[in-house]
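Reader: Hi, can we go through the aromatic rings here? Show me the model first.

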Amino acid sequence: MSRIKEVTLISGPPSPKCEIQHKVPAIVFSAGGLTGNIFHDFNDGLIPVFITANSIFPNQDFVLVVSKARDWWVNKYKEILRTLTKYPIINFDNDTITHCFPSVSVGIISHGLVTIDPKLIPNSKTFTHFHALIEKAYDQNQNQHQNKPSIFDPSRPILVLITRNGGVGRILLNQNEVIFEAKKIGFNVIIFEPTPKIPLHKAYELIHSTHAMIGVHGAALTHTLFLRPGSVFMQVVPLGTEWAAEVCYERIARNVGSKYMEYKIKAEESSLIEKYNKDDIVIRDPVAFRGSDWSKMNIYLKEQNVTLDLVRLRRYLLEMYMQAKEFMDNEG
């Protein structure tokens, strides 16, 4: 919360005089907080803006007045922001002009983690509508299949593997072997490592043109928002991350209409087994070990890597392939 600017509302005479009189209302919010992490950019920002607009100003246009509207944030999400409203963003921190609006909503509304509850919105908007807004933002004037490498066998479905590198934890240590197995089963495989330098519209073009996606639990799986309905998504769930896996990325997958699969690793597939005994509470019962102390989650999020059992994984990949092939044959 220290990165979110406090806004004080006061009543008084209309002074100073309005320099710009707007004909549409405004939504005032902060892009501070945990922004910079793509999951929080959507969960804490863009989804609540969509909810707020349809709750407070349904079927109206509006102006976004944004605190901490840093250039990188505006540039990264410019296509979505332009689709939310046709009006340019007002930078709350740098703009010195006095703006007047017929009405203003300060703060944004959340329905919970990656959730849109149509019962709480006057025009009954759902997550499907938000997904359609993303498609509208990125599908304009571009060929959604232009990223397919020409060397790929067109009879094979495309699988995108979201990869993690560096010392961030939850790295797939036998990634090359996993790719080999996926190719043996019949996939074309693309490795995708999200970085701040990759424009989001490029990530959208890649993910939206694929038939299946797989990745270890982490913020990069927010790219599931770019999957087409009917595509297949499999989340690899490390020890101790079951709850977050369910309420974050399983929920996104189901919200966008993707067929969801889950590969929960066993103790032998976790690098933590090298540090803790199999009967240790860290391995045996992560929920009891963590209790209410969420700082203990760092053991599972930052100290754990995974090595998947290829024999076990192959069964999952085969099921994934059959669903992805059917989707490709029906939808292209």
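Author: One term to begin with: buried means under 20% relative accessible area, exposed means over 50%, and partly exposed is in between (1.4 Å probe, protein chains only). This is a predicted model: local features need pLDDT of at least 70, side-chain atom pairs count only at pLDDT 80 or more, and totals for chains, interfaces and linings use all residues. Residues are numbered from 1 along each chain as its sequence is written, and side-chain values use heavy atoms, with hydrogens and water left out.

Reader: How many aromatic pairs are there?

Author: The count is 15 aromatic pairs. Rings of Phe, Tyr and Trp (its six-membered ring) pair if their centres lie within 6.5 Å; planes under 30 degrees apart are stacked, over 60 edge-to-face, the rest tilted.

Reader: What kind of pair do tyrosine 138 and phenylalanine 226 make?

Author: Their ring centres are 5.9 Å apart and their planes at 65°, so the pair is edge-to-face. Tyrosine 138 is in helix α4 and phenylalanine 226 in the loop between β9 and β10, so the pair ties together parts 88 residues apart in sequence. Helices (H or I, at least four residues) and strands (E, at least two) are DSSP runs, numbered from the N terminus.

Reader: Are those two buried or exposed?

Author: Both tyrosine 138 and phenylalanine 226 are buried.

Reader: New topic. Which residues form a ring cluster?

Author: Ring pairs link Phe29, Phe42, Phe50, Trp73, Tyr77, Phe127 and Phe130.

Reader: And which ring does arginine 290 lie over?

Author: Arginine 290 lies over the face of tryptophan 294, 4.1 Å from the ring centre. For a charge over a ring, NZ of Lys or CZ of Arg is within 6 Å of the ring centre and within 35 degrees of the ring normal.
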